[in-house]
Amino acid sequence: MDNRFAISEYHDAAAVTKQLDELIKKPPYIIAPEKLKEYEDEYYAKKCQKSKAMIDEAMNYIPGGVQHNLAFNYPFPLVFTKADGAKLYDIDGNEYYDFLQAGGPTVLGSNPKVVRDQVIDCLNTCGPSTGLFHEFEYRLAKKICDSVPNVDMFRMLNSGSEACMVAIRIARLATKKKNIVKMGGAYHGWSDQLAYGIRVPGSKFTQAHGVPLYIFKHTQEFFPNDLDSLERVLRRNQFHGGTAAVMIEPVGPESGTRPLDKDFNKGVERLCRKYGALLIFDEVVTGFRIGMAGAQGYFGVSPDLTIFGKVIAGGYPGAGGVGGKKEYMKYLSAGIQTGDKVHKALVGGTMAGTPISCVAGYYTLEEIEKQNACQKAGQMGDRITKGLQEIIKKRNLPFVAFNQGSICHLETLGTMHFAINWKKPWQIPHILDETSIRKKEMEHYGAAYMAEGLVTLAGSRLYTSAAYTEEMIDDALARFDRVFENITVMQK
């Protein structure tokens with residue numbers, strides 16, 4: 001097992017949480033309205049005219065003008081036409097530092113030639129898909145199993161959302177139990193039963209528009225970093241169908257936006273064993289970003305099932321899969337039937353495991369290991385986080401910057417640090433209103449960063465890659481500093 005990891009020093013979760021607690025007690029610190037208007041008039045109106053024209057036309061054919069939530073940007077989405085290493089380029093020719101990294105998968109940097117060449121060769125020889133077995137299905141699965149300590153077998157799917165759905169079916173078949181317990185605030189895709197307690201811990205079904213409430217009969221949440229909260233749910237479930245699985249993001253909900261103590265995952269594993277529930281690690285972001293052995297290798301935890309996405313196809317389509325121990329993966333067999341005769345989970349996906357996705361994924365993982373990309377990206381994450389902390393201190397701002405290796409957080413508003421206490425239901429409208437206000441201001445931060453040549457995830461999360469250099473990081477920090485020159489307190 002490759003024991004090189006992106007995290008050089010694990011953060012003090014209690015200290016970070018205390019800072020975030022203080023941040024949300026304060027009124028929102030926002031981009032000064034006059035500066036935001038200057039960005040709109042001088043950058044977006046003058047330098048992004050081709051993007052504006054195309055989005056205006058796309059609005060006639062695409063709801064909201066874009067196909068993915070990550071693509072939205074205030075005051076309008078930009079149209080990107082080129083990705084190369086640590087840089088992105090829009091249709092107007094503007095250049096940006098890429099801290100979105102396609103939502104996390106491009107640990108090597110965007111569109112690396114060494115992977116692209118292999119994909120082009122695959123297209124020239126086999127094409128993108130045949131519907132039949134390809135040698136790289138085997139090679140990618142073996143690479144994942146050889147790298148991740150608790151993955152004996154691997155099944156390729158189309159997305160992380162699909163992988164979460166499949167893992168739940170496996171868990172219910174294997175345990176003969178009903179309930180699924182997830183960490184409040186975590187995102188495990190957008191399937192009906194997991195659209196519960198997303199973004200805001202304690203929010204339960206309030207964010208799940210379009211989903212009938214009866215769907216959540218066997219889904220519960222527990223509060224992040226609180227083992228007592230989890231055990232209360234597990235104990236209660238013993239009398240209501242039992243718990244099939246506990247699903248967690250191992251660095252914390254929303255890729256660690258709400259941080260966890262370093263030993264928390266081991267506590268969750270202990271409770272899963274005590275109550276006979278499977279432990280499911282959602283490593284869509286942490287897999288092959290924290291290290292080749294994933295977050296489970298870093299934390300020394302043995303999940304029963306592991307969710308993969310994004311990086312296992314190297315940023316190419318078809319980026320999802322579930323891996324795990326043989327005793328549970330036997331519920332997934334699609335081909336030759338061997339071993340125990342058990343009911344198989346209902347799983348489909350004609351375009352899962354295509355030659356193009358498996359070739360891209362295999363060579364991406366090979367290069368990540370060869371280049372020690374996880375550790376290099378983590379060092380760049382440390383550098384930008386430390387730099388942001390220095391800027392925050394210099395400008396006497398209440399913002400919070402922290403990181404888990406190359407997963408970096410810049411909390412200017414603390415939007416996702418709010419939680420709902422269901423013992424005090426009268427607070428729910430206030431909390432949801434407060435998060436809505438702050439979400440709007442997050443969009444303004446994202447617009448300011450973009451105008452300074454910085455592409456982030458929702459204005460609050462940054463992913464670094466091995467394509468970054470120290471000089472690039474320092475240049476990016478100077479751009480963040482320009483934004484922070486123009487911060488003011490929101491007036492009631």
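Predicted model: local features only at pLDDT ≥ 70, side-chain atom pairs only at ≥ 80, totals over all residues.
Local features were taken at pLDDT of at least 70 and side-chain atom pairs at pLDDT 80 or more, while totals for chains, interfaces and linings use all residues. Residues are numbered from 1 along each chain as its sequence is written, and side-chain values use heavy atoms, with hydrogens and water left out.

Start with the seven-stranded sheet, which is open, mixed in its pairing and ordered β5-β11-β10-β9-β8-β6-β7. Strands here are DSSP runs of E with at least two residues, helices are runs of H or I with at least four, and both are numbered from the N terminus; two strands pair if DSSP finds at least two bridges between them. The edges are β5 (153–157) and β7 (219–222), each pairing on one side only. Ignoring direction, neighbouring strands are turned by 20° against each other on average, with axes fitted as lines to C-alpha atoms (for helices, over the stretch in contact) and angles running from 0 to 180 degrees between N-to-C directions. Helix α5 (residues 135–147) touches β5 and β10 (305–309), its direction making about 130° with that of β5; contact means heavy atoms within 4.5 Å. Helix α9 (residues 264–275) touches β6 (179–183), β7, β8 (243–248) and β9 (278–282), and makes about 150° with the direction of β9.

There is also an open sheet of four strands, again with mixed pairing, in the order β2-β3-β4-β14. Its edge strands, β2 (80–84) and β14 (454–455), each pair on one side only. Strand β4 (residues 95–98) runs parallel to β14, and two bridges join them; aspartate 98 is partnered with valine 455 of β14.

On to helix packing: α14 (residues 428–451) and α15 (residues 470–484) have axes that come within 9 Å and cross at roughly 130°. That makes the pair oblique, the class left over once angles under 35 degrees count as roughly parallel, over 145 as roughly antiparallel and 65 to 115 as roughly perpendicular. Tyr445, Ala448 and Tyr449 of α14 meet Phe480, Val483 and Phe484 of α15.

Phenylalanine 484 turns up again in the largest nonpolar core, which has 100 residues; Tyr44, Phe99, Val246, Ile384, Leu410 and Phe484 touch the most other members. Such a core is a set of buried Ala, Val, Leu, Ile, Met, Phe, Trp, Tyr and Cys residues joined through side-chain atoms within 4.5 Å, where buried means under 20% relative accessible area, exposed over 50% and partly exposed in between (1.4 Å probe, protein chains only). A second, separate core of 29 residues includes Cys122, Ile144, Met156 and Val359.

Leucine 23, in helix α1 (residues 13–25), is buried at 3% relative accessible area. Beyond four places in sequence, leucine 23 touches Pro398, Val400, Glu411, Thr412, Leu413, Gly414 and Arg438. Glutamate 254, in helix α8 (residues 253–256), also counts as buried, at 14% relative accessibility. Its contacts, leaving aside neighbours within four places in sequence, include Arg199, His409 and Arg461.
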